Every structure is written in structure tokens, then in C-alpha cells.
Amino acid sequence: AAASNGVFVHQRRKGWMAQVVAATKHLASGQEFWVNSLNAGGYATTLGELVEAGFRYSEDDVVPQIAAAGTTGFCLQVSSSHDPKIVWHYDSAVGRPQEGPADDSCIEGAGAYVVAAARDDA
């Protein structure tokens, strides 16, 4: 029973991570839609702007943040509502989700206005 419980917890955690990665990719797509389709002149600086443009997420499962956004780039961070240790970020200069919280290079690389203190030390 103890072994099967460990497997269950591991599988559940993998599911939460998959939700976070998917939400990170979806949030990044929302930013690209925002800047390319809406002629916004820059990336969205609030989650509300992206929600208005069609970004959807499960508030019960993920916590998305726009860490920084400007005219040339953006930095996003998404964490799990179920396990705060599951955190991924998206650096527009890199172009793919990366495990871990948004770091200085992501935030500064956005060439941008810092929107949220996505890091614990910020």
C-alpha cells in the first residue's frame, strides 16, 4: 500500500506539472496574439488584458503571472495551485517554457516594465 501511494503522489505531481507547462505555453501564445493581432504596440502588462483577449486558465490549478512586459519582449511565470514548488517561466527571448521561477535575465531581457515581483527575493 505504501509503494502504491508513492506512485500515486508522483503521478499526481506529474499531472500538475503538465498543467503548469501547458498554461505557460498558452499564456505565451496569448502574449503573441496580443502584440501581433491587436496592434497593441507592446505586450500585455496585465493578466486581465490577456483574459479579455481570450486567455483562459483554471484558477483552481495554476497561478499565471506576467513578470515583465514591454515592446520587444515578455517574461511570464506560472506556478501550481496544488504544489508551490512546481514553477515554470517563459522568456520570450528563449521561446520555450523553462523550469523554475522567472530570473533576472528573463525579467531584464524583456526590455520592459517590470509588472510583478515573480520571485521570492524581489
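# Close-up views of a predicted model

**View 1. The disulfide of cysteine 75 and cysteine 106.** Cysteine 75 and cysteine 106 are joined as a disulfide, with 2.0 Å between their sulfur atoms. The link brings together distant parts of the chain, 31 residues apart. Cysteine 75 sits in strand β2 (residues 74–80). Cysteine 106 sits in helix α3 (residues 104–109). A disulfide is a covalent bond between the sulfur atoms of two cysteines. The angle about the S-S bond is 120 degrees, and the link of cysteine 75 and cysteine 106 is right-handed. Both cysteine 75 and cysteine 106 are buried. A search of the whole structure turns up one disulfide. The model shown here and in every view below is predicted.

**View 2. The whole chain, for orientation.** The protein chain holds three helices and five strands. Along the sequence, their order is α-α-β-β-β-β-α-β. The chain has 122 residues, and 39% of them count as buried. Its accessible surface is about 6700 Å². Carbon and sulfur atoms account for 52% of that surface. Take the contacts between residues at least 6 apart in sequence: 49% of these join residues at least 24 apart.

**View 3. The largest nonpolar core.** This core has 22 residues. Val20, Leu27, Leu50, Phe74, Leu76 and Val78 touch the most other members. At least two residues each come from α1 (2–37), α2 (47–52), β1 (62–70), β2 and β3 (87–91). Helix α1 gives the most, with eight residues. A second core is separate and has seven residues. Its members include Cys75, Ala102, Cys106 and Ala110. Cys75 and Cys106 are the disulfide partners of View 1.

**View 4. Contacts of leucine 27.** Leucine 27 is one of the core residues that touch the most other members. Leave out residues up to four places away in sequence, and leucine 27 touches Leu47, Leu50, Phe55, Pro64, Gln65, Leu76 and Val78. Among these, Leu50, Leu76 and Val78 are also named with leucine 27 in the list of core residues that touch the most other members.

**View 5. The β1–β2 hairpin.** Strands β1 and β2 form a hairpin, with three residues between them. The two strands run antiparallel and are joined by seven bridges. Proline 64 stands opposite valine 78 in β2. Seven of the nine residues of β1 are buried, so this strand is largely enclosed by the rest of the structure.

**View 6. Serine 79 and threonine 71.** Serine 79 lies in strand β2, whereas threonine 71 lies in the loop between β1 and β2. Serine 79 has a relative accessible area of 16%, which is under 20%, so it is buried. Its contacts, leaving aside neighbours within four places in sequence, are Val20, Asp61, Val62, Val63, Ile86 and Val87. Threonine 71 has a relative accessible area of 55%, which is over 50%, so it is exposed. Threonine 71 touches Gly41, Gly42 and Tyr43, not counting residues up to four places away in sequence. The C-alpha atom of threonine 71 is 8.4 Å from that of valine 35. Along the chain, threonine 71 and valine 35 are 36 residues apart.

**View 7. The β3–β4 hairpin.** Strand β3 pairs with strand β4 (residues 96–99) through four bridges. The two strands run antiparallel. They form a hairpin with four residues between them. Glycine 95, in the turn, has a positive phi of about 85 degrees. Tryptophan 88 stands opposite glutamate 99 in β4.

**View 8. Aromatic rings.** A search of the whole structure finds three aromatic pairs. Phenylalanine 55 and tyrosine 57 form a stacked pair. Their ring centres are 5.4 Å apart, and the planes lie 25 degrees from each other. That angle is under 30 degrees, so the pair counts as stacked. Phenylalanine 55 is buried, at 4% relative accessibility. Tyrosine 57 is partly exposed, at 26%. Elsewhere, Tyr43, Phe74 and Tyr90 form one aromatic cluster.

Notes. Residues are numbered from 1 along each chain as its sequence is written. This is a predicted model: local features need pLDDT of at least 70, side-chain atom pairs count only at pLDDT 80 or more; totals for chains, interfaces and linings use all residues. Side-chain values use heavy atoms; hydrogens and water are left out. Rings of Phe, Tyr and Trp (its six-membered ring) pair if their centres lie within 6.5 Å; planes under 30 degrees apart count as stacked, over 60 as edge-to-face and the rest as tilted. Buried means under 20% relative accessible area, exposed over 50%, partly exposed in between (1.4 Å probe, protein chains only). A disulfide is a pair of cysteine sulfur atoms within 2.5 Å. A nonpolar core is a set of buried Ala, Val, Leu, Ile, Met, Phe, Trp, Tyr and Cys residues joined through side-chain atoms within 4.5 Å. Contact means heavy atoms within 4.5 Å. Accessible areas come from the Shrake-Rupley method with a 1.4 Å probe; for residues, only the protein chains shown count as cover. Two strands pair if DSSP finds at least two bridges between them.
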